[in-house]
Amino acid sequence: MNQNHCYVDLHVLQPLPPSCVNRDDTGSPKTATYGGTTRARVSSQAWKHAMRLMFKELFSKEDLAQRTKLPQDLVCEKIAALDSSLNGKKLAKEALKNAGIKIDEKKEQTDALLFISHAQAAALAKLAVEHANNPEQDDKIYKEACKTALNENPSFEIALFGRMVASDPSLNYDAAAQVAHSISTHTVHNEYDYFTAVDDRAGDDTAGAAHLDTTEFNSSTLYRYATVNVTELQKSLGEMTPEVVADFAKAFFLSMPTGKQNSFANRTLPDLAYITVRTDQPVNLVGAFENPVKAGGDGYGLASEKRLVEYAQKTYRQFVAEPVASYGIGGNEPLQQLVGADHVLKLDDLLAQLKDELASQQTEIEETE
């Protein structure tokens, strides 16, 4: 087993009541065909957006990033905080241009969204102010400094989710985390809610509704998966890596996309979470549900848990080694058999043990390099 790599895999089984958390272009709940049947689906983009909203509660503002076509506005804000007498907008555009980011003069924005951290914007602002107050500074040195500023201090989000800049690949960041599209463990059939609304100020002699419409929805038990390349993340974040991975896991477990939530109040939590630390490769266990689970007297939850555990055990026997560490939250007897009863923990206790394990893995990797 290659001890120079470390991955954390997150597996979740989560029930959703009637809901429409992620819609397609027609307003219907997103679906996918898997195992020859239709499954409920929530896109990875939708869940990553929900996770990033939760990051605002877990991390300080300076540790986060913004994805925007108006990066000059963010840099301009930082310049104004340093010296409000300067033409911040002009200086911000120049700094970004020197860093390799082109601002369209007519549209006043970039051609594509740019992922830029608050720390990077602050660094560019500082360089812009210093350059404005020292016009004799060599332009080449200033340009190189701006490029460096936009490459360093990537924030946890950029390090986790990556950044692509088509106009200047040197500014790209490889994503250390991958999030799969969530799919139901079973076949689904979308349903329709026919609803009406009345006019509160209409007279008593008014018959019928002032508005009527339909909303499409489904209900499901989802299998959700994400993985973090801890070794790759450590290159950007160093000793902060175990804490960031733990907070990533917390956001993955507790976040929820917000589509139609006022209509369905579908804010659920996982029934089961299975977390593994691996030193060979990530392992997605979605194959457990290629044959769709059939509902019994216990619904889909327990049957899905049994299927997940059986598939994991088979995979470890036939293809890859067992994880170097594994933990669980919730679940029933099958999960306890997989991770051991003493490793089925409360969320906070699990995250604390996960951080300790990753710190130990970091030490082992450093000693072998």
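## Charges over rings

The charged end of Arg 224 is placed over the ring of Trp 47, at 3.8 Å from its centre. This is a predicted model. Arg 67 takes up a position over the face of Phe 115, 4.2 Å from the ring centre. Phe 115 is also one of the residues touched by Glu 157.

## Glu 157

Glu 157 belongs to helix H6, which spans residues 155-161. Is this residue buried or exposed? Its relative accessible area is 2%, and with a cut-off of under 20% Glu 157 therefore counts as buried.

A polar atom of the Glu 157 side chain lies 2.5 Å from the backbone nitrogen of Ala 65. Leaving out residues up to four places away in sequence, Glu 157 touches Arg 52, Phe 55, Leu 64, Ala 65, Phe 115 and Gly 162.

## Aromatic pairs

How many aromatic pairs does a search of the whole structure find? The search gives seven. In one of them, Phe 55 and Phe 59, the ring centres are 5.3 Å apart and the planes stand at 65 degrees, so the pair is edge-to-face. Phe 55 and Phe 59 are both buried. These two residues also form one aromatic cluster together with Phe 156, Phe 161 and Phe 248.

The rings of Phe 217 and Phe 264 have a centre separation of 5.8 Å and planes at 45 degrees, so this pair is tilted. The pair links distant parts of the chain, 47 residues apart: Phe 217 is in strand E9 (residues 211-229) and Phe 264 in helix H9 (residues 261-264). Both Phe 217 and Phe 264 are buried.

In soluble globular proteins, nonpolar side chains tend to be buried together. The largest nonpolar core here has 55 residues, of which Val 8, Leu 10, Leu 160, Leu 233, Phe 248 and Phe 253 touch the most other members. Helix H8 (residues 241-254) supplies the largest share of this core, with eight residues. Apart from this core lies another, of 24 residues, including Leu 74, Ala 99, Ile 103 and Ala 125.

Which residues does Leu 233 touch, not counting residues up to four places away in sequence? They are Ala 159, Leu 160, Ala 176, Val 228, Gly 238, Thr 241, Val 244 and Val 245.

Strand E10 covers residues 272-278, and seven of its seven residues are buried, so the strand is largely enclosed by the rest of the structure. Burial applies to both faces of E10: Leu 272, Tyr 274, Thr 276 and Arg 278 are on one side, with Ala 273, Ile 275 and Val 277 on the other.

E10 runs antiparallel to strand E1 (residues 7-19), to which it is joined by seven bridges. Within this pairing, His 11 has Tyr 274 of E10 as its bridge partner. E10 also pairs with strand E11 (residues 325-330) in the antiparallel sense, over six bridges. Here Leu 272 has Gly 330 of E11 as its bridge partner.

## Ala 325

Ala 325 lies in strand E11. With a relative accessibility of 10%, Ala 325 counts as buried. Setting aside neighbours within four places in sequence, Ala 325 is in contact with Ile 275, Thr 276, Val 277 and Glu 357. Among these, Ile 275 and Val 277 are on one side of E10, and Thr 276 is on the other.

Technical notes. Residues numbered from 1 in each chain as written. Predicted model: local features only at pLDDT ≥ 70, side-chain atom pairs only at ≥ 80, totals over all residues. Heavy atoms only, no water. Core = buried A, V, L, I, M, F, W, Y, C linked by side-chain atoms within 4.5 Å. Buried < 20%, exposed > 50% of the residue type's maximum accessible area, 1.4 Å probe, protein only. Helix = DSSP H or I, 4+ residues; strand = E, 2+ residues; numbered from the N terminus. Contact = heavy atoms within 4.5 Å. Phe/Tyr/Trp six-rings, centres within 6.5 Å; stacked < 30°, edge-to-face > 60°. Lys NZ or Arg CZ within 6 Å of the ring centre and 35° of its normal. Pairing = 2+ DSSP bridges. Polar contact = N/O pair within 3.5 Å; in protein donor to acceptor, adjacent residues only side chain to side chain.
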